[in-house]
Amino acid sequence: MEILKIEDVSLIYQTNEAETEALKDVNISIEEGEFVAVIGPSGCGKTTVLSLIAGLMRPTRGAIYLDGKKIDKPVGDIGYMLQRDHLFSWRTILSNTLLGPELQGKKTPEAVAYAEELIEKYGLGEFKKAYPRQLSGGMRQRAALIRTLAYRPKILLLDEPFSALDYQTRLSVCDDVHRIIKSEKKTAVLVTHDISEAISLADRIVVLSHRPATVKKIYTPAIAGTPLKRREDESFSRWFDVIYKDVST
């Protein structure tokens, strides 16, 4: 079932000096439970797509729909995970996780119980009273994802969430994030510049063109397993070569 629809979306940035067309006639349909990666040349507007989905910006033309309802402002059904974890240093991991329900005025006993359940389920139970400085980078990023899940969004937006991590930690955290998102049956849209990351994580990969960005190609690698296992698949390098050519031309 379709959960997110980007329909004929174009965006023009306007300044006193000129207009810049960032996106042009972008169409993407995402099914419930899908993990979709958006990649493309540097500066083509990948993060702009996430900002539009989140309701932080409005398209110049076209519209975006979540469950059939037009998005024209930020809504609580969309969770946004940024490049850095942005955990508050003065709050415990549990307290950080409950930030969303607090801001929504929904910090009920049920919300607290759900946050604690997620923390336990995904291996941070013994650290729920710890502070961010006491956790590794990978654990902090896992905590940031749990914080995003704690207010039960329908869809997750991931803006290069692993870019601040070293390579080895990045591989491990990719596995963690993929496992959590699939276990919770969430829909996710990932923006990344890393082709290998997109292939290892996503069910489908949307390739954007140079600016003004249009949808150049959509691929379905259909490689089974965890992100680490996918990297070992014999078709992985072939997919990389195909997508690299699209991104670089």
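**Strands, helices and side-chain pairs**

Analyst: Strands β9 and β10 form a hairpin, with six residues between them. The model under discussion is a predicted one.

User: In which sense do β9 and strand β10 pair, and over how many bridges?

Analyst: Strand β10 covers residues 215–219. Within this pairing, V206 has I218 of β10 as its bridge partner. The sense of the pairing is antiparallel, and the number of bridges is four.

User: In what order do the four strands of the open sheet lie?

Analyst: The edge strands are β2 (19–31) and β5 (69–70), each of which pairs on one side only. Strand β1 (residues 2–14) pairs with strand β4 (residues 61–66) in the antiparallel sense over five bridges. The order is therefore β2-β1-β4-β5.

User: Which residue of β4 is the bridge partner of L4?

Analyst: Strands β1 and β4 are paired through five bridges. In β4, the bridge partner of L4 is L66.

User: At about what angle to β1 does helix α1 run?

Analyst: Helix α1 comprises residues 46–53 and lies across β1, β2 and β4. Its direction relative to β1 is about 115°.

User: What separation of its end C-alpha atoms does helix α5 show, and what span should it have?

Analyst: Helix α5 consists of 13 residues, 137–149. At 1.5 Å a residue, the helix should span 18 Å. The end C-alpha atoms agree with this, being 19 Å apart.

User: How many of the residues of α5 are buried?

Analyst: The buried residues of α5 include G138, M139, L145 and L149. What covers the buried residues includes the strands β6 (78–81) and β7 (155–159), together with the helices α2 (93–97), α3 (99–103), α4 (109–121) and α6 (167–183). Helix α5 is mostly covered, and the number of its 13 residues that are buried is 11.

User: Is W90 buried or exposed?

Analyst: W90 is located in the loop between β6 and α2. Its C-alpha atom is 9.5 Å from that of R133, a residue 43 positions away along the chain. The relative accessibility of W90 is 62%, and over 50% is the cut-off for exposure. W90 therefore counts as exposed.

User: Why does the salt bridge between E34 and R204 tie together parts that are 170 residues apart in sequence?

Analyst: The side chains of E34 and R204 meet in a salt bridge, at 2.6 Å from N to O. E34 lies in the loop between β2 and β3 (35–39), whereas R204 belongs to strand β9 (residues 204–208), so the pair joins parts 170 residues apart. E34, at 12% relative accessibility, counts as buried. R204, with a relative accessible area of 16%, is likewise buried.

User: Which residue forms a salt bridge with D77?

Analyst: The closest N and O atoms of this pair are 3.9 Å apart. The pair links the loop between β5 and β6, where D77 lies, to the loop between α5 and β7, 77 residues apart. D77 counts as partly exposed, at 32% relative accessibility. The partner of D77 is K154.

User: Which residue forms a salt bridge with D203?

Analyst: The closest N and O atoms of this pair are 2.8 Å apart. D203 is in the loop between α7 (195–201) and β9, and its partner is in helix α6, 21 residues apart. D203 is partly exposed, with a relative accessible area of 23%. The partner is K182.

User: How many aromatic pairs are found in the whole structure, and how are Y219 and W239 arranged?

Analyst: The search finds three aromatic pairs. The rings of Y219 and W239 have their centres 5.8 Å apart and their planes at 75°. The cut-off for this class is over 60 degrees, so the pair of Y219 and W239 is edge-to-face.

User: How are the rings of F240 and Y244 arranged?

Analyst: F240 and Y244 are four residues apart in helix α9, which means a separation of about one helical turn. Their ring centres are 6.1 Å apart and their planes lie at 5°. Since planes under 30 degrees apart meet the cut-off, the pair of F240 and Y244 is stacked.

How values were computed: Residues are numbered from 1 along each chain as its sequence is written. This is a predicted model: local features need pLDDT of at least 70, side-chain atom pairs count only at pLDDT 80 or more; totals for chains, interfaces and linings use all residues. Side-chain values use heavy atoms; hydrogens and water are left out. Helices (H or I, at least four residues) and strands (E, at least two) are DSSP runs, numbered from the N terminus. The expected span of a helix is 1.5 Å times one less than its number of residues. Buried means under 20% relative accessible area, exposed over 50%, partly exposed in between (1.4 Å probe, protein chains only). Contact means heavy atoms within 4.5 Å. Two strands pair if DSSP finds at least two bridges between them. Axes are lines fitted to C-alpha atoms, for helices over the stretch in contact, and angles run from 0 to 180 degrees between N-to-C directions. A salt bridge is a side-chain nitrogen of Lys or Arg within 4 Å of a carboxyl oxygen of Asp or Glu. Rings of Phe, Tyr and Trp (its six-membered ring) pair if their centres lie within 6.5 Å; planes under 30 degrees apart count as stacked, over 60 as edge-to-face and the rest as tilted.
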